Amino acid sequence: MKKTGNIFVTLLLVLALAACGQDKNNGAGPTDNAGNAGEQPETVTLKVGASPVPHAKILEVVKPLLAEEGIELDIIEFNDYVQPNTQLYEKQIDANFFQHTPYLEQFNKDKGYDLVNAGAVHIEPFGAYSKKIKKIDELKDGGKVVIPNDPSNGGRALALMATNGLIKLKEGVGVNGTVGDITDNPKKLDIREVEAATLPRVLDEVDLALINTNYALEADLVPTTDALFIEGSDSPYVNILVSRSDNKDADAIKKLAAALRSPEVKKFIEDTYKGSIVPAF
């Protein structure tokens, strides 16, 4: 009888504990971000590949902005232009930030990838410089003009010249044009191709030089103040956030794209890079 009583008491205790646990599960849980009853939202980790400067630096600015929205930004730095796209395609990372549209399009074509533009962020503007004239209207007939001799930047320079009315190119060549694609050169400009790194060094010897931003900076030239004309925010060379086609509409990617175009990022770019890098928004 005593043994039966002990079993009965034990059974009552088990039932009581089970009921207590059930009350806990059915009761109010942690509050969500709006202060309502419900489960605490889980933090989403977003892995983004980037070049160290300026891309990773810009991503550091948006890191706390995303943290407020439950997104932990994991910035992975790359020193080459292949692995960020390869790892994105292979789903080792979720997005990358290091390239412009022409590079992305060529990479997709060469590799058979389907990586997509998730938002324009900034331009490292390509500009035209001179020590002989103060404005482009002063460029004399037959003036000497130098552009980079590599196809990508040479085409970029010619497209910029065409945009500013100095030459005309074959229809449709865009930034892929060559000197041979010039259809009209009203000032009979003497356009020569030289190695990009030497452009600042020959600036004294020519009437106009179209120079990449990194080499312009090395020569203490500031695109927004020293260039006679520079690429605008509609440049195809805008540096972009890139994602895959299967995650481009993900909430975290959209929030990252929005944060990269925030007032905080614009101020950081303008204050830090003083015109050598220009927001594209």
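**Entry 1: H2 against H8**

The axes of H2 (residues 52-67) and H8 (residues 251-259) cross at roughly 125° and come within 9 Å. Axes here are lines fitted to C-alpha atoms, for helices over the stretch in contact, with angles running from 0 to 180 degrees between N-to-C directions. From H2, the contact uses Leu-59, Val-62, Leu-65 and Leu-66, and from H8, Lys-255, Leu-256 and Ala-259 (contact: heavy atoms within 4.5 Å).

**Entry 2: ground rules**

I number residues from 1 along each chain as its sequence is written, and side-chain values use heavy atoms, with hydrogens and water left out. As the model is predicted, local features need pLDDT of at least 70 and side-chain atom pairs count only at pLDDT 80 or more, while totals for chains, interfaces and linings use all residues.

**Entry 3: the whole chain**

I found nine helices and 13 strands in the protein chain (DSSP runs numbered from the N terminus: helices are H or I, at least four residues; strands are E, at least two). Of its 281 residues, 41% are buried (under 20% relative accessible area; exposed is over 50%, partly exposed in between; 1.4 Å probe, protein chains only).

**Entry 4: aromatic rings**

My search of the whole structure gave seven aromatic pairs (rings of Phe, Tyr and Trp, its six-membered ring, with centres within 6.5 Å; planes under 30 degrees apart are stacked, over 60 edge-to-face, the rest tilted). One of them, Tyr-81 with Tyr-103, is edge-to-face, at 6.0 Å centre to centre and 70° between the planes. This pair links distant parts of the chain, 22 residues apart: Tyr-81 is in the loop between strand S2 (71-77) and helix H3 (83-89), and Tyr-103 is in helix H4 (residues 101-111).

Which ring pairs with Tyr-103 in a tilted way? I found Phe-107, with centres 5.9 Å apart and planes at 40°. Both lie in H4, four residues apart, about one turn of the helix. Tyr-103 is partly exposed at 26% relative accessible area, whereas Phe-107 is buried at 7%. Ring pairs join Tyr-81, Tyr-89, Phe-98, Tyr-103, Phe-107 and Tyr-113 into a cluster.
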